[in-house]
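Please set out how the chains in this model are built and how they meet. A short briefing will do.

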Amino acid sequence: MGVLDLAKGMGVTLGKLFSKPLTVSYPESRVQLKPRFRGRHVLTRHPDTGLEKCIGCSLCAAACPSYAIYVEAAENDPAHPVSPGERYAKVYEINMLRCIFCGLCEEACPTGAIILGNEFEMADYRYGDFVYGKEDMLVGQYGSRPQRREAERQGTPVRLGLSVQPREELEGVRYP
Amino acid sequence: MRYFDDKPELVAAILAKYPPQGRRSSLMPLLREVQTALHYVPAEQIEEIAEIVGVTATEVRAVMSFYSTYSTVPQGKYHLQVCATLSCALAGSDELWDDLCETLGISPGEVTPDGLFSVQKVECLGSCGTAPLVQVGELGYHERLSRQDLHALLDALRRGEYPGPHSPLPVFVHSGQQEDAAGARHGAELKPLGENL
Amino acid sequence: MKVFVDDRAVEVPAGTSAMDALFEAGRDVPYFCSLPYLSPIGACRMCLVEAGSPRRGQDGQWILDDQGQPKIFWLPKPMASCTLAASEGMVIRTQTDAVRKAQAGMVEFTLLNHPLDCPTCDKGGACELQDRSYEYGYGASRFVFDRRHADKHYPLSDLVVLDQERCIHCKRCVRYFEEIPGQEMIDFIERGVHTFIDGYEGGLPSAFSGNIVDLCPVGALLDNVARFRGRNWEYDHTATICTGCSVGCSVTVDARNGRVERIVGRDHPAVNERWICDAGRFSHALEEEGRLTTPLLRRGGELVPASFDEVLAYLTSELVDVPPAQIGLYSSSDITLEEGIALEATAQVLGSGHVDHLPRFSQLPALPRPTLHQLAQASAVVIAGADLGAEAPVAELRIQEMLRGAAPPPQFRHGTAIADLKLTERMERHPERLAIFSSAPTSLDRSADLVVRGDPQAALSAIAAALEGNAQAASPYLSAAELLRRPGATLVVGSELQAAGGLRLAEKVARSSGAALLALPADSNALGLAYLRLVPGEGGAAYGEAILPVALVSRCRRLPAQWPRLLIVHDTTLSALAARADVVLPAVSGLEKQGTLVNLEGRLQALRPAASEVGEATDLIPALGLLLQALGLRSPVRGLISAQRALAQRFGARVQSLPPEGALLDLGEPFLAETHLQHQPEVGAWAAAHLAAARARAAANRALEVAK
């Protein structure tokens, strides 16, 4: 290795000194997510009827390589359906500790009900708090459990440390 | 009183045509008899026939519903049967059918308020060369029908003037069509124009 | 008869269908309408193969081709192998392009109007149509028009729901009702693609209707009790036997998350074929209601949950002054042989003669027992004092088989014949082969020519007299005697006769007529327990006969005439008896324990525990161990292994390694004692309770949302 090579390397270093830094000072400033980022799951609804897209078929649970999903189905009351058709998910739980965010559930879903969204800040204190139910994942729910708990305690709106372009498949998901 | 209560000879003649183990075969002539006389087979007669033959009412319905010649609902004086199988469909029977239903304001299973018409979509009537085709009751075929022809036919029937069929039915339907083993005829008489309604 | 399947040669008996011949050769064809024990009708046209046979010339010799080999005359079109009889030298091709194309085309046709709502369908994952489409279909459809739309939620009864869109018109359910229970309930209505299944007699009879759920090849007929409770791949399947009655039907129990969600029938050619009764199928709905999961101890007049340690401490202090020989041990007759021998050993350790099991009868027939297979092939059956529908429902189906007169389907390497050409639709039934004598109407009355209401014991006496030649001409007893004299006839006696002590009379009738005698046991293992010393010993009291200081009662629902001073109850729920106990120990149900049962034929069959969550509930062996521990005693049988060892010593058979079909063993001499605690046909009441629970649960499946 000669002096020339050293100079080349130092040149790269020096060049970076004068370029705009890539580092984001998270969590003070928001991180810009890539469009194919896979974060916390969102259970979507049909935008026109407001019915849940999930029909409780358990195919996501069957596809899940880490056995993180548990579904219990029940029959819709025809007068007040939860989802179109006969069947809906009475219980829908994902253990976020087990989840490896691979997106196989999203691929297995026949109705496009489960989409891996953008949120990723789910650090919490108790194992039980990582089991997210329908109420934590349905579209319209904003922020993870600890974030919502914190926001409620402080009386401030939920603050997410991310910014992202709207994604077509995440119908109805809006970030302020 | 039920339909066959006063017709023991007729029932005996029909049953006598089949061997004891083939008693179920008498279902068809019994149904034909009621259909001819009443122009439909009411639920009560389904039960009655089931009892005579010794099968379940479910089976009588299964047999009945297989054949489009039997009806569980009352029919009009003129039962218009529109062929909807391939040749007729290609020749525009779907449009003809829609036009007919719209003109009369009824759908299958209904009768016009004046009691004149009922409609039914049927499978091939065997006159593919002259499609599209409408059969009027037991009177005959009306062939190569355009909408205008159909409306003219309906108007004539409303006036009570039947112009006559283009072709008679290929199979002759007997009056008193229950033939016993000796060849004697029994049963309800089939009157033209559905007059025994 | 030699048949060539894709150049593999197989030897099959004459009368075999081409389908069974090719399965025997290890080949496979798709099929939806054929089913073991049902007639083959060729409705689905899926099992198409190319077939041809050699022919004989007028000289009786094979017609030869140019090479001097028998010339194969090919059938001009692909044939449905289920209705095609195999013949000597037949050649069947299952792997040609023409066959593949025909089968794939049929899959495409079958799927034309199938809604493909597999994600919401309870059959998904265990669906014959799914599997066969995957294996044999093109994987795509050229059909671009609207599919047929029909009623997707059409309840045929409280327990079975029909989805008319999913039906592929295989006719299995229609044929099942006509051929197996012999009740025509449903039929095809309309024709072509508009065909749907319906019945106008109002619902389905609740005796054997659940079987149509098992046999439906698609998700058209579904179990309303297990509706949407889990997907097929999520269930833990346990192959076990039903403990509802003494038939001992083979079943598969499906549990999810520690909860039994459904029970389906399993093929056992010698016992239940593949049918089970509705009570057995839906029994899980009741088994889970009000289950005890911890011991209960009476404190201050109230039963409160306690730990086993607390129970042990309580019993230790209470039993200090009680002589062990004064402790009573009573159990129901549905316990396993293992529990039974533990009970026997415990009684011996205690030195107590106060031991009994109930319900049971005072006597057992000394004649060899006929098997269910022999019952199904009997030349005639006379039933005295038995309502089979309430005491042994599936035995009723075997009698229907007898009335149909067809030999049971042959067995092949692939199992029971799939398309047995001997079976046809609407086979002639022979009601003249069946006679029934009972005081109350029975479910088989509709199938018998000779039905006599009255005391069955008096009837048997009259039959006995008729057999000796002392009968008036043309009396029903003479007809019954003539039926019994037929070679291969069977006399079936049930609880009404046995409770009245008429078994010796039945034996006499059977002996003098040469008929076989089938005495229905009082409960699911009453026959097996009779070969253990579980009857009151010297000076011992039967259940409730004497006021004992202490008694342990397992799973008996009957209240005793005399109450012990300290009552220990081992039961699944807080029954009326348990509510008055001082100590309640939680028990497992028949679905949840391991052991061996003996059915009415004397067949030892293995019981395996379903994957259900039972808390601290145990079978009888630990409950007995707890009692002995409180007394400071020790029994030689303290667990399943030692119980199996003790059974091996007693019966000379390793019950832990029974073959899958069970084993008919000689269990030696029974221990008998008179009992006044006779068996009522409790299975009937059992069935009614279970079906009511199943209906409630099916209704709750829908009411959940309404309540919300």
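Predicted model: local features only at pLDDT ≥ 70, side-chain atom pairs only at ≥ 80, totals over all residues.

Residues are numbered from 1 along each chain as its sequence is written, while chains are lettered from A and ligands numbered from 1 in the order in which they are written.

**Chain contacts**
- Two pairs of chains are in contact, and chains A and C share the most contacts (two residues are in contact if their C-beta atoms, placed from the backbone, lie within 7 Å).
- Chain A does not touch chain B; 28 Å lies between their nearest C-alpha atoms.
- Where chains B and C meet, chain B supplies eight residues and chain C ten.
- On the chain C side, five of these residues are charged, four nonpolar and one polar (Asp, Glu, Lys and Arg count as charged; Ala, Val, Leu, Ile, Met, Phe, Trp, Tyr, Cys and Pro as nonpolar; the others, Gly among them, as polar).

**Chain B**
- Chain B has seven helices and six strands (DSSP runs: H or I of at least four residues for helices, E of at least two for strands, numbered from the N terminus).
- Their order along the sequence is α-α-α-α-β-α-α-β-β-β-α-β-β.
- Of the 197 residues in chain B, 32% are buried (20 or more other C-beta atoms within 10 Å of the residue's own, with C-beta atoms placed from the backbone).
- Counting contacts in chain B between residues at least 6 apart in sequence, 62% link residues at least 24 apart.

**Domains of chain C**
- Chain C splits into domain 1 (2-95), domain 2 (296-361 + 526-591 + 617-658 + 666-678) and domain 3 (372-519); the bounds come from an automatic or database domain assignment.
- The centres of domain 2 and domain 3 of chain C, taken over C-alpha atoms, are 37 Å apart.

How values were computed
Buried ≥ 20, exposed ≤ 12 C-beta atoms within 10 Å, placed from the backbone.
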